[in-house]
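Have the model open while you read.

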Amino acid sequence: MAGRLAGATALITGAASGIGAATARRFVAEGASVVLADIQAEKGQAIAAALGAAAVFQPCDVTSESDVARAVDLAVARAGRLDIMVNNAGIVGAVGPISQTPAPHWRRTIDILLSGVFYGMKHAARVMAPRGEGCILSIASTAGVMGGLGPHAYTAAKFGVVGLSRSVASELAGQGVRVNVVAPGTMATEMILHLRPEQTANIEEVRARVARTSPLGVTGDGEDIANALLFLASAEARYITGHTLVVDAGLTSFSATPTGMHFQASEVIREAGARGL
């Protein structure tokens, strides 16, 4: 089925790599016009250029409310409306035992993973609610539905994304705006590549490791999450709001052994594997 988002305008944060880039490509292929928002300007501009007239890049740090507001306003200026907001920007953030987690690392992680989603929801609602329609989608994680699957700050933020989405869904349902979440399991993306650099030399090794730990024995990647987001953004999901769609090959349904990822204390793991605040 082609053209499932024909005529729609979408804004995707964290669109310069990984899940965000895969989603931008999928949305454009289905007929959407897309604003790619990210702090990685060179990568974002290259992806937008490759996607052609249907895409434009906007520099955006999701910890800055004014940056997020400008990205929303750009989408509206281009098409007169914003139909789909995808809050995807993320980092691994603070890792290490709770007793060794520095407060600044904690705050930075929460600021990107949860406050950034709040800003996206706030400004998407600002332009969607008056029109009486729209779709807000946010990326959580299996770490946001089950303990022991991620570092502490990351887990807290992703649980927050799920809770915030349900709360906002209850507010905006009466105004025709749907609010949903996609919670990926471990995916073969650059973020995982940089999580344990001593164990993974390249993305193919990451893919092999993900396949070995997948209950289905297959590798999940950005395309799988892009497909889930496409469904929730499309008219096929018109009766779905306040929902968290878990895309994890069944891991959280029947795994008996959580794979806690607390690791040795280290600097915050940021974009493209950079470390530190």
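Both faces of β6 are covered: Val177, Val179, Val181 and Ala183 are buried on one side, and Arg178, Asn180, Val182 and Pro184 are buried on the other. "Buried" here is under 20% relative accessible area, with exposed over 50% and partly exposed in between (1.4 Å probe, protein chains only). With 8 of its 8 residues buried, β6 is largely enclosed by the rest of the structure. Elements are DSSP runs numbered from the N terminus: helices are H or I with at least four residues, strands are E with at least two.

A quick word on the ground rules: this is a predicted model, where local features need pLDDT of at least 70, side-chain atom pairs count only at pLDDT 80 or more, and totals for chains, interfaces and linings use all residues. Residues are numbered from 1 along each chain as its sequence is written, and side-chain values use heavy atoms, with hydrogens and water left out.

Which strand sits alongside β6? Strand β5 (residues 134-139) pairs with β6 in the parallel sense over 6 bridges; pairing takes at least two DSSP bridges between the strands.

Now the greasy part. The largest nonpolar core has 39 residues, and Leu11, Leu82, Met85, Met128, Ile136, Leu172 and Val179 touch the most other members. Such a core is a set of buried Ala, Val, Leu, Ile, Met, Phe, Trp, Tyr and Cys residues joined through side-chain atoms within 4.5 Å. The elements that give two or more residues to this core include β2 (33-38), α3 (65-79) and α5 (152-172), but the largest share, 10 residues, comes from α4. A second, separate core of 31 residues includes Ala24, Leu36, Ala55 and Ala237.

Met128 lies in helix α4 and counts as buried at 0% relative accessibility. Its C-alpha atom is 9.7 Å from that of Met85, 43 residues apart along the chain.

| Residue | Contacts include |
|---|---|
| Val179 | Met121, Ile136, Val168, Leu172 |
| Met128 | Leu82, Met85, Ile136, Val177 |

Key: Contact = heavy atoms within 4.5 Å. Lists of a residue's contacts leave out its neighbours within four places in sequence.
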